[in-house]
Each structure stands twice: as structure tokens, then as C-alpha cells.
Amino acid sequence: MSVSRCARLLSGLRHGGAVVLRSRQSGPSRAATAGAFSTASSNGRDTGAKAPDTSLFVPLPVSPEAPGAAGDVGAELTCPLNKSEVLKVLNKFYRRREIQKLGAENGLDGHVDDLFPFFMRHAKQIFPMLECMDDLRKISDLRLPPNWYSEARAIQRKIVFHAGPTNSGKTYHAIQRYLAAKSGIYCGPLKLLAHEIFQKSNDANVPCDLVTGEERVCIDGEGRPSAHVACTIEMCSVNTPYEVAVIDEIQMIKDPSRGWAWTRALLGLCAEEIHVCGEAAAINLVTELMYTTGEEVEVRNYKRLTPIKVLDQALESLDNLRPGDCIVCFSKNDIYSVSRQIEARGQECAVIYGSLPPGEYCYCLL
């Protein structure tokens, strides 16, 4: 259907104050009168009601032409619109006096912008979530992870990096600050380490709870949470405020499977002081990460307190073991085999095993 035909549908003939719809077949039985557009009742008496203005909408009978490329109504309705022709029809429609009068009465001058407030009012009634679009936009913006933790961003945190090798005292100094604080949280990679801090805190008369993926131990008999808590890194709370937080083994932030937990703790812990312990190789990464939060990193370096050296010759036999030696094994069979051989020689050993990379390991301490 051409645009000109559509335009002709907007105007039509009126018959005796009523719109007459007539089909292609002749005969009075096929005629119908549209009572909705009548200005008078069927008996000719005036009802007194104001007649609607029907001059703008006058339907006409549409007679489909014979099937063909030029007369297929369905094909014309689905074909692309000629925008220039449509614009001409719309402009002609808007220039009508009735349209201009209605626009003036309703505060519209014909611009699309004038219709937008009415559209939004209707849309918000149908879709109430549009009222909180700004909040939804902010919540769904995940491009900046530091912004995920509003509680942490609301305070100015002090970041202290305790860097050093094993047995250098870096974790000891961080724990001392943890014990002296009014409230604190320790985050470690293993349940064993969390349990060790839990035990040390309570032995030092600092009530401390234990939270791991397997258990929760509340030191208070009535179940009230303590001001201090020792937990595995995945279980730390980023909503509870603390004075001091300790994040142990920070170099594991690079781990492909568990690194997210250290990142979450470092960015999200709501603590006035955060003491990070780990290898010096992680200093640059932590510093760069803190640039995104606008927080400076204070680095404290430590050196190994007791010397460690590599023997010039092989151990050769378990009979040559001395107290304090450590044997590292990489299979369960070796763990139990070595420990039984040591005990058979009348010596005691402690066994710690797990499945951290590079595989299962065992420390047999004499």
C-alpha cells in the first residue's frame, strides 16, 4: 500500500452524520452504520451530550485489488517505508487546525521532546524499576572492583606490607599489632594457621573466634561474637569493621584458583590498619593494586633470623637425622613410609600433609 493511499485513508466521506462502511458486494443488507461516530440518536432526538469531534478520524472501506505485484495489500504493508513520503503525510497532518488546537491545549508544540515526559510517566507505571535506574546502573557497573566495597572506600586505611622470607619475624610483628588492637581479624590460607592464631590469641587472654569453611568456634559461652577472629581467607567478612586486619601469605594473590580471595580481602576488608605478610616479590603487585583505591603502602623488610644452609653431602640414611630436620615428601606413600621408618628408630616426628602445589607434601619434624 503506497503512502498516498494511506494518506487518503485519513480523509473520507460522511453520510448523514454517521460513517458508512460498505463491502464490495452491493445491497442494503451489507451496509452498517457506526453508532460511535453518530451525532444524533436513531430517532433523530438530541441527547444533549456533546458530540465527539470525528473530523480527525474518518475510516474508509478498503477494497483489496486483484492479486498481483501492484495490488497485494499484505506485501505493501510489509515493504520498507518511504520515509520522505511518510514525513510529508505527517507534516500535512500536523498542520491541520484541529491538531494544532489539541497540541496547544495539552502543552505540545509538535516536537518529539515534548512527548518524552508523557512517555516516561507511562513507562514508569508499566515498569516500576525505571524509578531506580540510576541505582541499577551503578550496581551493575563491575568495571572497577574497588568500588564493590563501599564500606572500605568510606574510610582511609593504612596498608603495611611485612616482606621477608620464612622465619624472618614478619608475621610475628603483624600478630603483635593484631593482639594489641581493640578488634582484629586474621586471614590465613590454611585452617591450621587460623587455628594456631586462634589458640595463641586465647592463650594471651585475647578472646578470639575461629571461622573456617568446616567449623565455627565461638569462645563466648552465650554465642556472642568476639572482637577478634581468626579465619581462612575465603571466610573473612568485608562488612564487619575492625581496627587491625592481618592478611597472611599475600603472594598467593597470584594463584589462579584461590587468588580471588586475597584480592577480595585486600580491597574489601573494613579495617583501619591492614598488615599484609608475604614474600617481597608481591610488593609491586600490591602497590599497583592499592593505586586503584588511592591508598599508600608502607613496606617493612625483614631478614631471616636463623641461617639455613644446604648440606655438602647427601643424608644417605635416616640414622643421620638430627632434631629440627625436615623431610619433604611428594606422595602419600612416601609420607607414611618415612614416618614409620623414623619411629622404628625410636624417634618421634610430627606429620603435616596437604594437597597444595606442587603436590602433596609432608614435613617430618624431629
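**A friendly note on this predicted model**

1. Let us start with H275, which sits in strand β9 (residues 271-278); here helices (H or I, at least four residues) and strands (E, at least two) are DSSP runs, numbered from the N terminus. H275 is buried, with a relative accessible area of 3%, where buried means under 20% relative accessible area, exposed over 50% and partly exposed in between (1.4 Å probe, protein chains only). Leaving out residues up to four places away in sequence, H275 touches V160, H162, A174, R177, V244, A245, V246 and I247; contact means heavy atoms within 4.5 Å.

2. A word on how to read this. The model is predicted, so local features need pLDDT of at least 70 and side-chain atom pairs count only at pLDDT 80 or more, while totals for chains, interfaces and linings use all residues. Residues are numbered from 1 along each chain as its sequence is written, and side-chain values use heavy atoms, with hydrogens and water left out.

3. For the overall picture, the protein chain has 12 helices and 13 strands. Of its 366 residues, 28% are buried. Among contacts with a separation of 6 or more, 65% are between residues 24 or more positions apart.

4. One of the residues that H275 touches, A174, belongs to the buried set of helix α8 (residues 170-180), together with K170, I175 and Y178.

5. Next comes helix α9 (residues 191-203), in which A194, I197, F198 and S201 are buried. They lie on the same side of α9 because their arc around the axis is only 105 degrees. On the other side of α9, L192 and D203 are exposed. What covers the buried residues of α9 includes α8, β4 (184-188), β5 (208-211), β6 (216-217) and β7 (228-232). Just after the helix, N205 takes a positive phi of about 60 degrees.

Note on methods: Arc of directions from axis to C-beta.
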